Amino acid sequence: MRVLLTGAAGFIGSHIHRALAAAGHEVIAVDLMLPAAHGVDATPPPGVRRLDVRDPEALDAVLRGIDAVCHQAAVVGAGVSAQDAPAYAAHNDLGTAVLLAAMDRAHCRHLVLASSMVVYGEGRYRDTPIDFIPGPRSRADLDSGLFDHRAPTGEPLDWTPIDESAALRPRSLYAASKVAQEHYALAWATATASTVTALRYHNVYGDDMPRDTPYSGVAAIFRSALEAGESPRVFEDGRQARDFVHVRDIAAANVAALTHPLAPFTPLNIASGHPVTIGEVATILATAAHGKPPVVTGDYRSGDVRHIVASPEKAHRTLGFTATITPQQGLAEFAHAPLRAAAGVGAPTWR
Ligand SMILES: NC(=O)c1ccc[n+]([C@@H]2O[C@H](COP(=O)([O-])OP(=O)(O)OC[C@H]3O[C@@H](n4cnc5c(N)ncnc54)[C@H](O)[C@@H]3O)[C@@H](O)[C@H]2O)c1
């Protein structure tokens, strides 16, 4: 199969590139080399061409004879300020729209889209109606160390896995842009009789993850602290539940989704199926790195999601995908894994 891979120089894209090549597929790999991700004046790695997915002529040239597109290119991270909004809209949403139009011109009818758990906003809570979304946690509760959401009766709420039927309630600029990507892709699939598999990655970690920046994931932030001889600092009480999925499993899910088109638009959680708490993540990393033990700070960031854990069942049923690396194994390995050599510089720009 001949695949166009966007964002191929990125953390996840570079693993997908290797996995596709190892499976015998021909990969046309492209990336803009955004300074916010790769530093200023970064050149594409071997086998990757510089291309902006917002450039229709450049896309027309690379889409000839392509069977499927694996779209990873995006500005990532939770966003630092409202000033990031144009960059998310430009690279993620305009970029996806320009790509979809070019795929239509090239009669390319299958897209695998990198989506994210952030589209859900909040996780699901046990013993609540399916559409129950707790309101924001009160400052008084947070200040007194009561971090769990509460039921209307006042009881603390425990989590239950979220599945793909949950409503999408983006909470950040980045999340809004990922929801918009999904919506454009869904509408494109309907209009062009094409197929889209939107892979909603949960917390991804692994080799070549970007270093600690305001746009990094928590595993890289803990890794960077340990490398600097410091304790990982864990917010709240450390019991926030998440699903940490290894980047090699993410790459395997993409290969499966590219080679097995599903119904017109199919969103799938891609997760390990082994939930862990943020405190456990810090402890596994600190133990494996022989570093300072984590410090649970009790600090909080308003707007943080308390718990979000995926149900990986639909990806297993429809795609036959099951993650092979547990967080216990993978995070211990990640404690010694190389991080991305070049550091991103500054906030993402959109021009
Ligand atoms: N890392 C995670 O935990 C995670 C979780 C959920 C979803 N995702 C999604 O996975 C995908 C890959 O993320 P990543 O973690 O590898 O991030 P990354 O920053 O390492 O890689 C993204 C790549 O996209 C490129 N890019 C950005 N705008 C572009 C444009 N206009 N044209 C061409 N290339 C462009 C960047 O230069 C970068 O190399 C993204 O779509 C992201 O939203 C990541």
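Let's start with Gln-181, which is found in helix H6 (helices are DSSP runs of H or I with at least four residues, strands are runs of E with at least two, and both are numbered from the N terminus). This is a predicted model, where local features need pLDDT of at least 70, side-chain atom pairs count only at pLDDT 80 or more, and totals for chains, interfaces and linings use all residues. Residues are numbered from 1 along each chain as its sequence is written, and side-chain values use heavy atoms, with hydrogens and water left out.

- Is Gln-181 buried or exposed? Gln-181 is buried, with a relative accessible area of 1% (buried means under 20%, exposed over 50% and partly exposed in between, using a 1.4 Å probe and protein chains only).
- The side chain of Gln-181 makes a polar contact of 2.7 Å with the side chain of Lys-178. A polar contact is a pair of N or O atoms within 3.5 Å; within protein, one must be able to donate a hydrogen and the other to accept it, and residues adjacent in sequence count only if both atoms are side-chain atoms.
- Setting aside neighbours within four places in sequence, Gln-181 is in contact with His-71, Ala-73, Asn-92, Asp-93, Thr-96, Leu-113 and Ala-114 (contact means heavy atoms within 4.5 Å).

**Around the ligand**

- The ligand is surrounded by 29 residues, and the closest are Asp-31, His-38, Tyr-174, Lys-178 and Arg-340.
- Helix H1 (11-22), helix H2 (35-38), strand S5 (110-116) and helix H6 (173-192) each supply at least two residues of the shell. Which element gives the most to the shell? That is S5, with three residues.
- A polar backbone atom of Ala-74 is 3.4 Å from an oxygen atom of the ligand. The protein covers 93% of the 820 Å² of accessible area that the ligand has on its own (areas come from the Shrake-Rupley method with a 1.4 Å probe; for residues, only the protein chains shown count as cover).

**Phe-11 in helix H1**

- Phe-11 has its place in helix H1, and this residue is buried, with a relative accessible area of 10%.
- Phe-11 and Arg-340 are 329 residues apart along the chain, and their C-alpha atoms are separated by 7.6 Å.
- Beyond its neighbours within four places in sequence, Phe-11 has contacts that include Val-204, Tyr-205, Val-247 and Arg-340.

**Helix H7**

- Helix H7 (residues 218-227) is mostly covered, since seven of its ten residues are buried.- Those buried residues are Ala-219, Ala-220, Phe-222, Arg-223, Ser-224, Ala-225 and Leu-226.
- The buried residues of H7 pack against strand S9 (203-205), S10, strand S12 (244-246), helix H9 (278-289) and helix H11 (327-334).
- Just after H7, Gly-229 takes a positive phi of about 80 degrees.

**Salt bridges**

- Side chains of opposite charge can pair when their charged atoms come close. A salt bridge is a side-chain nitrogen of Lys or Arg within 4 Å of a carboxyl oxygen of Asp or Glu, and by this rule the count comes to 19 salt bridges.
- Asp-148 forms a salt bridge with Arg-306, with the closest N and O atoms 2.9 Å apart. Asp-148 lies in the loop between H5 and S7 and Arg-306 in the loop between strand S15 (295-296) and helix H10 (313-319), so the pair ties together parts that are 158 residues apart in sequence.
- Asp-148 is partly exposed at 25% relative accessible area, whereas Arg-306 is buried at 1%.
- Glu-236 and Arg-306 also meet through their side chains in a salt bridge (2.8 Å, N to O). Glu-236 lies in the loop between strand S10 (233-234) and strand S11 (241-242), so this pair ties together parts that are 70 residues apart in sequence.
- Glu-236 is buried, with a relative accessible area of 2%. Salt bridges that share partners join Arg-137, Asp-148, Glu-236, Asp-237, Arg-239 and Arg-306 into one network.

Notes:
A residue is near a molecule or strand if one of its heavy atoms lies within 4 Å of it.
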